[in-house]
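Have the viewer open as you read.

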Amino acid sequence: MYTPRHFKDEDQASLFRQVEGTRLATLVTFDETGLVASHVPLLLDPTQGPNGTLTGHLAKANPQCQALANGAEVLVIFQGADAYISPSFYAAKAEHGKVVPTWNYLAVHAYGRPHVITDPEPLLAIVSGLTDKHEAARAQPWAVSDAPADYIQSMLKGIVGFAIPIERLEGKRKLNQNRSAEDIAGVSKGLAESQDQNDQQIARLMSQGENRV
């Protein structure tokens, strides 16, 4: 990922928050047919390895399962909020007009070499962990154990689990760190007045000083 110095996020706690806060990640593999991507929910265990370990599962029919089994390096993308930045937000527009549009955004890229998981017990742990995570906010959370055990066992036969020990984490927080304080204030104000939730989230990050160099 192209990341100029101004936008580089090297704080592991910040990167982990982005990973855990992304509901659907993009898993990218490469095989003899070329690049392939799937969109999957993942779990992060920050205690496993120096950069944590990701776990998830794919349908057994997904051709990416073979790429995972081969153990070649994979890329997982965790996309955060993003916002279009209008030149009209910049104080510099009134001063000299030498401004152009851009985008502010958050992203984390994780790299690692996966191994597949086919045993029923660890597969069940992955499925249960993902379910518990995404049901937690509901008033009456559904649990895997609510379904008949034999039905769950049959469903597990149709998936392949995987674990990716993270070898490298790259983070980018593009929040106008390369602009003047006046331009940053103008962008933050412009985005805060938007009705779009992504715009508002970027504005909050900027106003909280998350755009520091």
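## An aromatic pair

Trp103 counts as partly exposed, because its relative accessibility is 45% (buried means under 20% relative accessible area, exposed over 50%, and partly exposed in between, with a 1.4 Å probe and protein chains only). Bear in mind that this is a predicted model, in which local features need pLDDT of at least 70 and side-chain atom pairs count only at pLDDT 80 or more, while totals for chains, interfaces and linings use all residues. Residues are numbered from 1 along each chain as its sequence is written, and side-chain values use heavy atoms, leaving out hydrogens and water.

Which residue pairs with Trp103? The partner is Tyr84, in an edge-to-face arrangement with 5.7 Å centre to centre and 65° between the planes. For such a pair, the ring centres of Phe, Tyr or Trp (its six-membered ring) must lie within 6.5 Å; planes under 30 degrees apart count as stacked, over 60 as edge-to-face and the rest as tilted. The count by this rule comes to one aromatic pair. Tyr84 sits in strand E6 (residues 74–85) and Trp103 in strand E7, so the pair ties together parts that are 19 residues apart in sequence. Helices (H or I, at least four residues) and strands (E, at least two) are DSSP runs, numbered from the N terminus. Tyr84 also counts as partly exposed, at 39% relative accessibility.

## Charges over rings

Arg168 lies over the face of Tyr111, 3.8 Å from the ring centre, and Lys174 lies over the face of Phe7, at 5.5 Å from the ring centre. The rule here asks for NZ of Lys or CZ of Arg within 6 Å of the ring centre and within 35 degrees of the ring normal.

Is Gln177 buried or exposed? Gln177 has a relative accessible area of 8%, so this residue is buried. Its place is the loop between E9 and helix H6 (181–192). A polar atom of the Gln177 side chain lies 2.5 Å from the backbone oxygen of Arg173, and the backbone oxygen of His6 is 3.4 Å from a polar atom of that side chain. Polar contacts are pairs of N or O atoms within 3.5 Å; within protein, one must be able to donate a hydrogen and the other to accept it, and residues adjacent in sequence count only if both atoms are side-chain atoms.

Asn176 is found in the loop between E9 and H6 as well. Although not a glycine, Asn176 has a positive phi of about 65°. With 2% relative accessibility, Asn176 counts as buried.

## Enclosed spaces

Rolling a probe the size of a water molecule over the atoms shows where empty space is left. On a 1 Å grid over the protein atoms alone, a cavity is a set of points where a 1.4 Å probe fits but cannot get out, a pocket is an open set with protein on both sides within 12 Å along at least five of seven lines, and lining residues have an atom within 4 Å of a point. Grid points are joined across faces, edges and corners, and a volume is the space filled by probe spheres set on the points.

How many cavities of 30 Å³ or more does a search of the whole structure find? There are two.

Ser154 lies in helix H5 (residues 149–156).

Overall, the chain has seven helices and nine strands, and 46% of its 213 residues count as buried.
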